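Welcome! Have a look at the structure below, and then let us walk through it together.

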Amino acid sequence: MWRGGSNTRTCKRRFFSSPTRSRHHRPPYICRLHSRGSQHLKAMAEVDHLAAERATARFDVEEMKVAWAGSRHAVHVADRMARLVASDPVFRKDNRTMLSRKELFKDTLRKAAHAWKRIVELRLTEEEADLLRQYVDQPGYVDLHWGMFVPAIKGQGTEEQQHKWLPLAYKFQIIGCYAQTELGHGSNVQGLETTATFDPKTDEFVIHSPTLTSSKWWPGGLGKASTHAVVYARLITEGKDYGIHGFIVQLRSLEDHSPLPGVTLGDIGGKFGSGAYNSMDNGVLRFDHVRIPRDQMLMRLSQVTREGKYVHSNVPKQLLYGTMVYVRQSIVADASKALSRAVCIAVRYSAVRKQFGSQDGGPETQVLNYKTQQSRLFPLLASAYAFRFVGDWLNWLYTDVTQKLEAKDFSTLQEAHACTAGLKAVTTSVTADAIEECRKLCGGHGYLNSSGLPELFAVYVPACTYEGDNVVLLLQVARILMKTVSQLASGKQPVGTMAYMGKVQYLMQCKSAVSSAEDWLNPDAIQEAFEARALRMAVNCAQNISQAASQEEAAGFYERSPDLLEAAVAHIQLIIVTKFIEKVHQEIPGHGVKEQLQALCNVYALYILHKHLGDFLATGCITPRQGALANEQLGKLYAQVRPNAVALVDAFNYTDHYLGSVLGRYDGDVYPALYEEAWKDPLNETVVPEGYHEYLRPLIKQQQLKLSRL
Ligand SMILES: CC/C=C\C/C=C\C/C=C\C/C=C\C=C\C(=O)SCCNC(=O)CCNC(=O)[C@H](O)C(C)(C)COP(=O)(O)OP(=O)(O)OC[C@H]1O[C@@H](n2cnc3c(N)ncnc32)[C@H](O)[C@@H]1OP(=O)(O)O
Ligand SMILES: Cc1cc2nc3c(=O)[nH]c(=O)nc-3n(C[C@H](O)[C@H](O)[C@H](O)COP(=O)(O)OP(=O)(O)OC[C@H]3O[C@@H](n4cnc5c(N)ncnc54)[C@H](O)[C@@H]3O)c2cc1C
């Protein structure tokens, strides 16, 4: 009804003849159309365009919300915080892509201050405050303050240091960031160049940036907001370099925010996408012999005495990387949030959008009914659930390992490193690609900022790089896999997520018993195929490395690193599948909830099998016929998911504010919203554009003159 040709033609005529006007003085036809839009919006506000979709769901959506959130309490708190944010005009975000960088940054400061005010006024708990910040949904210095600065002090500071610094950070009397990466080195932490040289005469460290490449570069919150940083630098005492250690360094005055003497700092410049991560002040920092007291070295893991003697506690030195491990596990949980947002938008819009299918003027086909749309979208829906559950498990593992470390049991450190690094890498890569796929699934409208997808992509995609480049992290997993394979011969039993490798005799020669499409619904069949594939890929790599006898092991690893990456991915996909299967085995209340999760688990596993069929066939784990049967079963599962798809994304329980997408609206009333949104663009503030008189009119007149001379 909004595609009426005659109105559009009228619009065009009057546009060309109208002088420049402000939006408040729109020509009558625009006002007419616009107010019709508003009336329409009002009239339709109570119409649920997706009601028919919701009616076909075969499960209890409220109970699925509980399964997704983890508990009834979690649903309730999240709901309250989401609504609190959505109803507060300060947290408005629909205009963000139209703000200049300066306006956007100021808006971020305003939102962060307002969020803090509400947290204090309402006496919110830590859980509530975290959720409130999540729903504000604008990257800013507070993410690094709470997400890295505070955890670094907690993890690497002594009791005394925590006692001194944490209360200041908790009350925002200081604002902190995490300054590790440098212009010349990010992935290679041991290659950092900043120095912290102990001066026994004054009992101070001298922090210095000896080269341009030693400039700190990237830390979020550093550019404009932070007063302090945990700075990673090479500790030098008694003339010896003891490698990288953390130091608390004040950067700016607490009176007027000016940089302290010897400190040069600023923002590193605009980043990918409009709005997006540009709300964050990623910064550059240089030190010119800046002095800090000795007790500002984070001394939980190692100390420097008053005399300058270096003392390392009897703990693994990798504990220095603890903050990164903590953040990597939280990034996995975040991947499911970002992915579920994109999928929610694409599923709802695909149910609203209709194309083709009618030869006689009857209703067209919902694009969600196209099998190709389903085969692109439903695996992403399943992945969102898979990442959610593996994220919960990883959080449990992290907590468990932390408790063991407290008790000086370091046996699970390697497991924590492999799982956090590998899961961070796989879930962020998949999520970034999936957001882009969701944009394409929404056709042309997905490319509009108002779809929410371009900004979501731009904000999310650096997750493949920060907290460890994904390739670098997967190579860490591969190294641990190779170590585990090499220990198998000596009879050492692998543990945790590597335990399956202990079944090496069986897994190296087993043949899948699948003989029908339905056989692929058996979790044991899936588990065995995934275990055999992962183990055989790892063993093949290990054999190839050792067969290159003329080479050092490190050189063999380097040569084989592309294959090693694939072996690491196979191992991590096995973990995700295993944790999903385990989740579905648990008691899950609610009508139909378990059945839906079972279907999604099978979709996830069989989709991965189909996508990586080459691996499964090349390692001889399954036959081509069994691969074809898996694909046949996948098609049947998509048909099972189809009537539940909208309800499955409703279970994420996202408000329209948090989704930030006209295409993903809960009520599905997409077209009036798209239409309305277009008029808000600053380019529509005047009907005749700025620049018309300088550039367009002379051009047109010149051409007219030329034509008239012919
Ligand atoms: C903001 C937070 C809030 C919420 C999160 C949500 C969203 C995030 C939002 C925004 C992002 C904002 C901030 C981003 C911040 C950053 O990016 S901070 C900088 C992050 N930098 C990196 O991740 C660097 C990556 N590099 C490394 O980690 C290391 O250099 C390395 C690649 C692991 C190599 O280490 P190393 O040089 O020491 O050498 P190796 O020989 O490879 O390893 C030696 C042994 O140590 C073991 N190891 C390595 N790492 C760990 C670890 N983390 N834990 C335990 N063990 C580890 C490794 O396995 C070797 O063991 P061995 O073989 O037995 O000897
Ligand atoms: C948005 C954003 C926020 C950030 N926030 C912070 C922060 O708050 N604090 C902070 O300290 N840092 C921060 N960083 C920095 C971030 O941690 C690093 O950029 C990241 O660790 C990657 O390091 P790099 O930039 O040195 O990449 P490089 O290592 O230079 O990567 C370049 C390429 O080389 C490849 N490569 C590198 N090493 C190897 C290898 N051994 N084998 C094979 N391939 C390799 C990589 O795969 C990649 O393709 C942030 C970065 C971004 C983008």
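Let us begin at the ligand. Around ligand 1 there are 29 residues, and the closest are Gly 147, Gln 318, Tyr 321, His 417 and Gly 468; a residue is near a molecule if its C-beta atom, placed from the backbone, lies within 6 Å of it. This is a predicted model, in which local features need pLDDT of at least 70, side-chain atom pairs count only at pLDDT 80 or more, and totals for chains, interfaces and linings use all residues. Residues are numbered from 1 along each chain as its sequence is written, while chains are lettered from A and ligands numbered from 1 in the order in which they are written.

Which helix gives the largest share of the shell around ligand 1? That is helix 10, with six residues. At least two shell residues come from each of helix 8 (141-156), helix 10 (322-352), helix 12 (413-441) and helix 14 (470-488). Helices here are DSSP runs (H or I, at least four residues), numbered from the N terminus, and strands are runs of E with at least two. The shell holds 13 nonpolar, 13 polar and three charged residues; Ala, Val, Leu, Ile, Met, Phe, Trp, Tyr, Cys and Pro count as nonpolar, Asp, Glu, Lys and Arg as charged, and the others, Gly among them, as polar.

Now step back to the domains. The protein chain is divided into domain 1 (172-314) and domain 2 (324-493 + 519-650), with bounds from an automatic or database domain assignment. Each of them gives at least three residues to the shell around ligand 1. Their centres, taken over C-alpha atoms, are 36 Å apart.
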